[in-house]
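Hi there,

Here is the structure I promised to pass along. Have a look at it first, and then read on for what turned up.

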Amino acid sequence: MSKPVKERKSRPVNLDLQTISFPITAIASILHRVAGVITFVAVGILLWLLSISLSSPVGFMEASDIVNGFFVKFILWGILTALSYHIVGGIRHLLMDLGHFEELDTGAMSAKVAFGVTAVLSLLAGVWVW
Ligand code: HEM
C-alpha cells in the first residue's frame, strides 16, 4: 500500500549544492569520464587538422596558421591536459582492476597522486604548446 502523501513530502531533500561535498575518489571518477568525453571529441578535431595539413603544402601552412592562434593553442592545451588525466586516471583504474588501491585511504591517496601527475603533465603540455 502506498504511503500517505504527507509522509512522502516530509522526506529529507537536499538541493543546496554548497552543502554537498564529494569525496576525492568520486571527483577523480567523474573527471575521468569527463576527460574521456573530451578526448573523444578531440579525436575529431585533431583528425580534421591532420587532414588539412596533409592535403597540400598550402594546406600545411593553413594548419600551421590555425594552431598558431592563442585560442586554438588554449584548446590544444586543454585537450592534452584531458588526455593526460584520462591516461593517468585510466592506469589508476587498471591498477585497481588488478586489486591495488581499493581501500578508502589508498584510493584517496592514488587519486591525489593522479591529480599531481596530471598537473605536472599539464604544465609540460603548456610549455610544449606555447
Ligand atoms: C582516443 C582515446 C580515448 C578515448 C576517446 C577514451 C574515452 C573513454 C570514455 C568515454 C570512457 C568512459 C568513461 C566512463 O564511462 O566513465 C573511457 C573509459 C576508460 N578509459 Fe578511455 N579513452 C581513450 C584512451 C584511453 C587510454 C589511452 C587509456 C589508458 C590508460 C584509457 C583507459 C580507460 C579506462 C581504464 C576506462 C574505464 C574507467 C572505468 O572503469 O570507469 N582510455 N574512456
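This is a predicted model: local features need pLDDT of at least 70, side-chain atom pairs count only at pLDDT 80 or more; totals for chains, interfaces and linings use all residues.

The side chain of Arg-33 has an N or O atom 2.7 Å from an oxygen atom of the ligand.

Around the ligand you will find His-32, Arg-33, Gly-36, Thr-39, Phe-40, Val-43, His-86, Ile-87, Gly-90, Ile-91, His-93 and Leu-94. Two elements, α2 and α4, each give two or more residues to this shell. Sorted by class, the shell holds 6 polar, 5 nonpolar and 1 charged residues.

Next, the surface. A nonpolar patch there is formed by Leu-17, Ile-20, Phe-22, Ile-27, Ile-30, Leu-31, Val-34 and Ile-38, and together these residues have about 710 Å² of accessible area. One of them, Phe-22, sits in the loop that links α1 (5–9) to α2 (24–55). Phe-22 counts as exposed because its relative accessibility is 52%, and the cut-off for exposed is over 50%.

Another loop residue to look at is Phe-101, found between α4 (70–97) and α5 (104–129). Its phi is near 55 degrees, which is a positive value in a residue other than glycine. For context, most residues other than glycine have a negative phi. With a relative accessibility of 29%, Phe-101 counts as partly exposed.

Definitions and conventions: Residues are numbered from 1 along each chain as its sequence is written. Side-chain values use heavy atoms; hydrogens and water are left out. Patches are made of residues with over 30% relative accessible area and no salt bridge: like charges are joined within 9 Å, nonpolar side chains (Val, Leu, Ile, Met, Phe, Trp, Tyr) within 5 Å. Accessible areas come from the Shrake-Rupley method with a 1.4 Å probe; for residues, only the protein chains shown count as cover. A salt bridge is a side-chain nitrogen of Lys or Arg within 4 Å of a carboxyl oxygen of Asp or Glu. Helices (H or I, at least four residues) and strands (E, at least two) are DSSP runs, numbered from the N terminus. Buried means under 20% relative accessible area, exposed over 50%, partly exposed in between (1.4 Å probe, protein chains only). A residue is near a molecule or strand if one of its heavy atoms lies within 4 Å of it. A polar contact is a pair of N or O atoms within 3.5 Å; within protein, one must be able to donate a hydrogen and the other to accept it, and residues adjacent in sequence count only if both atoms are side-chain atoms. Ala, Val, Leu, Ile, Met, Phe, Trp, Tyr, Cys and Pro count as nonpolar, Asp, Glu, Lys and Arg as charged, and the others, Gly among them, as polar.
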